[in-house]
Amino acid sequence: MIPALLSNYAPADLSFEKGKGPYLYGNDGRRYLDFAAGIAVSGLGHAHPRLVAALTEQAQKLWHVSNLFRIPGQEELARKLVDATFADAVYFCNSGAEANECGIKMVRKYFSTNGQPEKYRIIAFENSFHGRTLATIAAAGQEKLLAGFGPVVDGFDHVPVGDIEAVKAAITDETAAILIEPVLGEGGIQVVEPEFMRALRTLCDERDLLLMLDEIQTGMGRTGKLFAYEHAGIKPDILTSAKALGGGFPVGACLAVEKVAKAMTVGSHGSTYGGNPLAMAVAGTVVDVMSEKGFMDHVVEMGNHLKQGIVGVIDRHPDILEEIRGIGLHLGLKCKVENTLVSNKLLELGVLTAKGGDNVVRLLPPLIIEDDEVSEFINLLDEACTELENG
Ligand SMILES: *Cc1c(COP(=O)(O)O)cnc(C)c1O
């Protein structure tokens, strides 16, 4: 007999009863400092009073009607996102992969509508991650994601991040867009240089390509800006958001400029659940909270404190840790020993983290952490390293 639950994950043998702010309370009776935040989802921490209020209030009124009818919450949240970003219009769905699917379809539809259906290929980057649907695993192009799933969805070309000459060389008459994460998250918090982001924007302008950013992990305040593209001083044509957008309630969004959005005519795309009243009530409140004065400054400040503390720990334990990298509270701790040893030791000491590529332990705390939690983390990381040194 196999387990009734499909065995596609390998979860830690740990479950939780409840959460509050940056802490989770395990069914083992212990309290955990949550520096994984459900993989960069719980940006406002657990059980944020305003999110709880928004969800429960909406839950008592109306859950679902489908997109056969107008959903005022969608119109409101779209307006907030348009006002806060480069975008002119927003489409709502339920997850990151779905947001990327929409973005990829938008790229194709835009050129098809404008009489260039032969332009459909997208240049993407090695070591990236865009989700687990057939098109998004093809977009990432990694063998470990594609293996066993048959013919790869056509239309994606891959080059190394940071190599603008390789990007230029990959452009053909069929190229329609460039797709990139401003920080390669799953890839191990590999920050893409702002100069490279600007060079991509220039190239897209020169060669009539669309620039699509996957900000599913970097967005919604994680790097100290609402979206990470702001750091480079550029604007994309399409941007995808999910993860922290719903603070734990499933929701995704695909944002686009007018010329692209206009191609998505009635009937061209859709989702039954997409943008349902519950999701809109929560995500709308997430945007409100993050738009308050001082919110992003706090993320930057906590990120700096955390980095400074970690640099000290690395100095004290150079055989265990190598480097801290990332922006804001989107941090990657590159390890000298196997990253699993570090994350398991932290778990033993009551700290949750998320592993990433390139032997990195990702530190993705809720954005609402304070100096007390930063200090608590630094002390426990120091202790973890000491214990690892003592074998
Ligand atoms: C998590 C993630 C996705 C996929 O989101 P899902 O909600 O799991 O489908 C896509 N792109 C990036 C950069 C991500 O971090």
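Two strands pair if DSSP finds at least two bridges between them. I also note that helices (H or I, at least four residues) and strands (E, at least two) are DSSP runs, numbered from the N terminus.

**Entry 1: ground rules.** The model is predicted, so I take local features only at pLDDT of at least 70 and side-chain atom pairs only at pLDDT 80 or more, while totals for chains, interfaces and linings use all residues. Residues are numbered from 1 along each chain as its sequence is written, and side-chain values use heavy atoms, with hydrogens and water left out.

**Entry 2: strand 17.** I looked up what pairs with strand 17. Strand 14 (residues 330-335) runs antiparallel to strand 17, with 4 bridges, and G332 is the residue opposite R362. Strand 16 (residues 354-356) is also antiparallel to strand 17, through 3 bridges; here K355 faces V361. Strands 16 and 17 form a hairpin with 3 residues between them, and D358 has a positive phi near 60° there.

I then checked burial, where buried means under 20% relative accessible area, exposed over 50%, and partly exposed in between (1.4 Å probe, protein chains only). In a regular strand the side chains alternate between the two faces of the sheet. Strand 17 (residues 360-363) is covered on both faces: V360 and R362 are buried on one side, V361 and L363 on the other.

**Entry 3: helix 14.** Helix 14 (residues 371-389) has 19 residues and covers 27 Å from first C-alpha to last, close to the expected 27 Å. Its buried residues include V374, F377, I378, L381 and C385. An α-helix has 3.6 residues a turn, so residues three or four places apart point the same way. After helix 14 comes G391, with a positive phi near 65°.

**Entry 4: L226.** Is L226 buried or exposed? L226 is buried, because its relative accessible area is 11%. L226 sits in the loop between strand 10 (210-214) and helix 9 (229-232). I listed its contacts (heavy atoms within 4.5 Å). Leaving aside neighbours within four places in sequence, L226 touches A84, T85, G219, M220, G221, M290 and M296. F295 is 69 residues away from L226 in sequence, and their C-alphas are 9.9 Å apart.

**Entry 5: aromatic rings.** Rings of Phe, Tyr and Trp (its six-membered ring) pair if their centres lie within 6.5 Å; planes under 30 degrees apart count as stacked, over 60 as edge-to-face and the rest as tilted. How many aromatic pairs does a search of the whole structure find? The search gives 6. One is F86 with Y229, which is edge-to-face because the planes are at 90°, with centres 5.6 Å apart. F86 is in the loop between helix 3 (72-84) and strand 4 (89-93), Y229 is in helix 9, and 143 residues separate them. Both F86 and Y229 are buried. Ring pairs also join F86, F227 and Y229 into a cluster.

I found F125 and F196 to be edge-to-face too, at 5.8 Å centre to centre and 80° between the planes. F125 is in strand 5 (residues 121-125) and F196 in helix 8 (residues 194-207), so this pair ties together parts 71 residues apart in sequence. F125 is buried at 1% relative accessible area, and F196 is buried at 6%.

**Entry 6: charges over rings.** A charge sits over a ring if NZ of Lys or CZ of Arg is within 6 Å of the ring centre and within 35 degrees of the ring normal. K18 lies over the face of Y25, 5.4 Å from the ring centre. The charged end of R31 is over the ring of Y23, at 3.7 Å from its centre.

Definitions and conventions
The expected span of a helix is 1.5 Å times one less than its number of residues.
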